[in-house]
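I am opening a notebook on a structure that is new to me, and I will write down each thing I look up. Before starting, I would like to have the sequence and the coordinates in view.

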Amino acid sequence: MTATAEPEVGKARLRKEDARLITGQTKWTDNIQLTGMLHMAVLRSPVAHARIRGIDCSRATAMPGVALVLTGEDFAAEQGSLPCAWPITEDMKSPPAPAMAVDQVNFAGEAVALVIADNAYRAADALAAIDVDYDELPVVLDLEEALKDQDLVHPDLGTNKCATWVFDSAEAGSGTDVEEAIASAEVVIERTFRQQRLIPSFIEPRSVVVDPSADMFTMWSATQIPHILRWMLAATTGIAEHKIRVIAPDVGGGFGGKLQVTPEELLCLLVARRMGRPVKWTESRTESMLSAHHGRDQIQKVTVSARRDGTVTGLKVELLADMGAYLRLVTPGIPILGAFMFNAIYKFPAYRFVCTNVFTNKTPTDAYRGAGRPEATFAIERMMDELAVELGMDPMKIREMNWIKHDEFPFTTVAGMTYDSGNYEAATARAMELFGYEELREEQERRRSSGDPVQLGIGISTYTEMCGLAPSRVLGALRYGAGGWETASIRMLPTGKVEVITGTSPHGQGHETVWSQIVADRLGVPFEDVEVLHGDTASAHRGMDSYGSRSLTVGGTALVHAADKVLAKARKLAAHMMECDEADVEFASGSFSVRGTSTVRTLSDVVLAAHVAHDLPEGMEPGMDADATFDPDNFSFPHGTHLCATEVDTETGRVRIRSYVAVDDVGTVVNPLIVDGQVHGGLAQGIAQALYEEAIHDETGTLTTATFADYLVPSADDLPSFLTARTATPATSNPLGVKGVGEAGTIASTPAVVNSVLDAVRHLGVRDIEMPLSPERVWTALQGGAADASTPAAGGLGSIDSQGGQS
Amino acid sequence: MHISVNVDGVTYADEVEPRLLLVHYLRERLGKTGTVVGCDTGNCGACTVHLDGHSVKSCQMFAVQANGHEVTTIEGLARDGKLHPVQEAFRSNHALQCGFCTPGMIMQAIDLLADEPDPDDETVRKGLEGNLCRCTGYQNIVRAVQDAAHRMRPGAGPKLEQHSDEHITAKQPVGGE
């Protein structure tokens with residue numbers, strides 16, 4: 001076996017995954033064709049809130065190719081309730097969440113009937129022949145109105161208030177009382193921000209295939225969470241868990257949007273059981289946008305108190321968070337993840353966070369890239385700018401005087417988190433240098449004084465975030481229903497090749513490449529000799545899957561531990577083979593040697609000896625495989641400084657990003673190519689929230705942005721080139737020193753862009769503009785109007801087909 | 001209706017429903033699942049293929065409109081086990097993450113390079129605006145297309161998939177576009 005010539009960790013390896021993805025040899029769920037397979041199409045409610053008086057399926061049932069038409073009544077006895085794994089408080093209100101509505105629909109897009117036919121076209125045809133009689137109810141859409149409880153989404157609950165969750169630093173002992181801080185403050189700033197509703201918009205539509213043959217239910221699903229899905233399907237349906245196998249084949253993006261146990265997964269399973277034949281469902285884009293969960297959607301009231309010199313003294317956050325009509329897998333916990341991040345990198349002595357979760361007649365919300373932390377980061381980074389304006393200070397100076405200094409780590413924050421490492425000064429210095437901060441300020445001044453119709457703005461975001469979900473004990477304390485560990489196995493094959501089995505479930509992140517790098521380094525085997533297996537509960541039997549920027553910090557560490565177990569056993573056997581004391585065995589570059597001699601056994605030799613088992617030390621089991629499960633002690637806390645320069649055309653309201661610098665500290669980097677790619681993609685989504693995207697419901701609760709013609713996912717022409725760089729303070733909470741990177745760009749970029757636009761136009765009398773900062777909203781604000789949700793940002797072309805389907 | 005279509009060098013003769021979309025014909029009938037559907041409305045471009053050397057969105061065309069024409073999909077690009085320079089460039093520039101938009105993006109990039117052999121950043125961005133990617137932020141895609149342009153320069157590598165103007169203009173326009 002050849003040893004690796006140079007360390008794999010840190011190397012810009014091209015991805016193993018790409019060979020199949022660039023040639024069309026990919027295995028997407030929708031590619032699967034099974035003998036005798038039937039196709040499912042779902043009829044969705046066109047109204048947001050109604051009683052179902054009756055459903056007539058007779059015409060649809062008689063149509064050619066149609067095998068079966070089913071309604072919620074047909075499933076009532078077996079469908080149970082879709083799981084919510086995060087009851088954030090003991091008294092949280094949680095309505096039943098049927099996969100298919102039985103007698104009442106609570107959002108437009110909710111499933112009310114389904115057709116099973118011999119092909120997808122015929123299934124879609126039959127949807128149009130189903131007659132549903134709706135008795136419409138008043139719709140509840142606005143969060144503040146909803147809290148008045150005049151109309152109720154779920155009358156049985158008696159209220160639209162789902163739960164209230166509080167963190168108070170005085171009560172927790174992590175800080176002082178914020179009301180006292182505010183009462184005695186020299187300066188108090190209070191602002192309200194709106195986090196618009198977003199749609200994750202993974203490009204691969206969701207798809208499910210269930211094969212009930214061979215005394216086993218095999219489900220292929222475009223999911224981020226095959227392991228959690230299997231567990232939840234068993235818990236919901238009563239089908240024994242060992243009779244369910246879930247496979248996440250190639251999955252085309254997720255961004256949290258595929259972190260779900262969906263109605264359609266459950267329905268496909270139940271129909272396949274009923275029919276005894278394989279069933280496939282693949283959604284249309286409009287179905288995806290109507291019914292797959294949305295993200296964000298909060299109203300944030302934030303109060304910061306400070307001294308006149310700029311030192312912050314208190315932070316109070318009051319949130320209203322829109323749950324939508326039902327609680328999906330982790331819906332109620334998403335805004336709570338922000339609770340620990342509003343204080344960000346700053347040394348607030350007093351902090352209080354109150355979040356009220358509210359039901360509305362809208363598509364349920366749940367995880368979307370960043371999940372709670374982008375919202376928090378936006379609010380605090382906007383507030384730091386507001387405070388700087390109030391005090392007439394430079395916005396970077398005010399951050400600098402309040403942030404945690406590099407020599408203060410580890411630092412326990414007012415929210416009770418212990419940040420293990422970081423260097424905000426270093427990241428900021430690098431960003432300022434790359435950006436040309438002073439020169440841009442001078443240009444800004446020139447444009448202001450000359451009254452240039454195109455004004456220049458500079459926006460700052462000095463963010464941190466918490467990721468790598470997570471220590472299981474912390475998740476338990478937050479009443480989350482599962483743990484945060486991750487598992488890895490290493491199988492040493494007799495020829496010396498290596499199979500790695502991971503509980504993470506990649507959907508674009510490149511785990512096959514990066515996990516190979518880690519194992520190749522640890523075991524001293526060639527990168528090409530490592531194969532990574534994932535996403536199939538039959539081979540990767542245990543795992544907590546991929547979300548929350550956890551895969552490398554938690555799953556990668558499990559891999560390191562498994563490799564170390566392999567080496568520990570191999571060392572014993574090598575000593576036996578070389579007839580020496582184990583203490584004299586050295587391991588380097590894939591070979592064991594006896595210290596001070598030329599005796600060598602490669603790992604491959606040792607693995608073969610373990611496999612044939614002809615001569616093993618007393619008591620040693622044959623084989624050289626190892627399993628490890630890692631439960632982290634702490635989250636990881638990536639951070640960085642992002643600077644954005646925008647040009648705002650004051651005559652048209654158009655915003656153009658002139659330059660964007662992102663300096664991120666994600667600890668040790670295993671593959672710089674992949675890290676840069678994650679940052680680029682994250683930036684694109686964060687910028688999209690700032691400038692383009694918004695899910696809009698009209699006054700009847702119809703989603704009017706349910707196609708890519710209406711919901712503005714940015715194209716190449718809508719985004720700038722980014723300048724990315726890194727500083728590195730290794731995490732101390734894992735042996736690789738890595739921090740998460742999947743969400744950092746999204747979390748950081750939104751406030752950088754909005755701060756920049758406001759910086760360009762504030763001197764013209766604009767105080768705030770609600771996201772997304774469309775030309776119309778910016779222009780309206782410049783005319784002195786209210787640039788809020790009353791001005792539609794986008795969409796409204798009315799081009800959606802609210803029946804869903806593939807028409 | 002009866003159609004005859006050459007897809008990736010093989011001629012197929014099939015009876016199809018007039019309403020069958022080209023992308024579904026490719027995927028369901030021919031098993032060419034390398035071409036995918038992303039949005040149904042012609043916005044995302046994931047389904048992009050070449051019809052007689054020009055990029056088209058195969059979810060916006062009926063299979064019958066391809067009758068008598070040549071279709072090239074992502075699966076027909078590599079020749080004799082050798083990747084197309086644009087495929088190579090996507091891999092070496094990390095221009096894909098989940099890879100779902102990639103087949104369409106590559107097909108569109110090839111079409112773009114046929115018209116613009118040395119495109120600047122803005123030309124690439126405008127040329128790809130009908131193809132959405134949610135993962136990469138486009139930066140590495142832009143880089144890959146420019147890198148491919150270098151690889152495809154005369155003498156820089158095998159001349160694959162480069163259509164001369166005569167070849168394109170000799171073909172009949174298709175499908176009422």
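What is the mean pLDDT of chain B, and what percentage of its residues reach 70 or more? I note at the outset that this is a predicted model, and I find that chain B has a mean pLDDT of 90, with 87% of its residues at 70 or more. For the complex, the predictor gives an ipTM of 0.96 and a pTM of 0.95.

I then looked for a stretch of chain B that calls for caution, and I found that residues 157–177 stay under 50 in pLDDT, although the model has 24 contacts beyond four places in sequence for them.

**Chain B as a fold**

I listed the elements of chain B and found six helices and five strands, which follow one another from the N terminus as β-β-α-β-β-β-α-α-α-α-α. Of its 177 residues, 57% count as buried. Among contacts in chain B with a separation of 6 or more, 64% are between residues 24 or more positions apart.

**Where the chains meet**

I looked next at the contact between the two chains, which takes 44 residues from chain B and 41 residues from chain A. On the side of chain B that touches chain A, the elements giving two or more residues are α2 (85–92), α3 (102–115), α4 (121–127) and α5 (139–151) of chain B. I sorted that side by class and recorded 19 nonpolar, 17 polar and eight charged residues.

**Domains of chain A**

The domain assignment of chain A gives domain 1 as 18–25 + 485–630 and domain 2 as 32–137 + 204–252 + 258–291. Taken over C-alpha atoms, the centres of domain 1 and domain 2 of chain A are 40 Å apart, and their contact takes 13 residues from domain 1 and 15 residues from domain 2. The side of domain 1 of chain A that touches domain 2 of chain A divides into three nonpolar, seven polar and three charged residues.

**The largest core**

The largest nonpolar core has 309 residues, and those with the most contacts inside it are A:Met40, A:Leu114, A:Val115, A:Val519 and A:Val757. Helix α18 (residues 551–578) of chain A gives the most to this core, with 13 residues.

**Helix α4 of chain A**

Why is helix α4 (residues 120–127) of chain A largely enclosed by the rest of the structure? I count it so because seven of its eight residues are buried, namely A:Ala120, A:Tyr121, A:Ala123, A:Ala124, A:Asp125, A:Ala126 and A:Leu127. These buried residues of α4(A) pack against β1 (38–44), α2 (58–61), β3 (66–71) and β5 (111–117) of chain A.

Is A:Thr729 buried or exposed? I record A:Thr729 as buried, because 23 other C-beta atoms lie within 10 Å and the cut-off for a buried residue is 20 or more. A:Thr729 sits in the loop between β28 (723–726) and α21 (744–761) of chain A. Beyond four places in sequence, A:Thr729 is in contact with A:Ser421, A:Gly422, A:Asn423, A:Asp665 and A:Gly667. I also noted that A:Thr729 and A:Met624 are 105 residues apart in sequence and 35 Å apart in space, C-alpha to C-alpha.

Methods:
Residues are numbered from 1 along each chain as its sequence is written. Chains are lettered from A and ligands numbered from 1 in the order in which they are written. This is a predicted model: local features need pLDDT of at least 70, side-chain atom pairs count only at pLDDT 80 or more; totals for chains, interfaces and linings use all residues. A nonpolar core is a set of buried Ala, Val, Leu, Ile, Met, Phe, Trp, Tyr and Cys residues joined through C-beta atoms within 7 Å. A residue is buried if 20 or more other C-beta atoms lie within 10 Å of its own, exposed if 12 or fewer, and partly exposed in between; C-beta atoms are placed from the backbone. Helices (H or I, at least four residues) and strands (E, at least two) are DSSP runs, numbered from the N terminus. Two residues are in contact if their C-beta atoms, placed from the backbone, lie within 7 Å. Ala, Val, Leu, Ile, Met, Phe, Trp, Tyr, Cys and Pro count as nonpolar, Asp, Glu, Lys and Arg as charged, and the others, Gly among them, as polar. Domain bounds come from an automatic or database domain assignment. pLDDT is the predictor's confidence in each residue, from 0 to 100.
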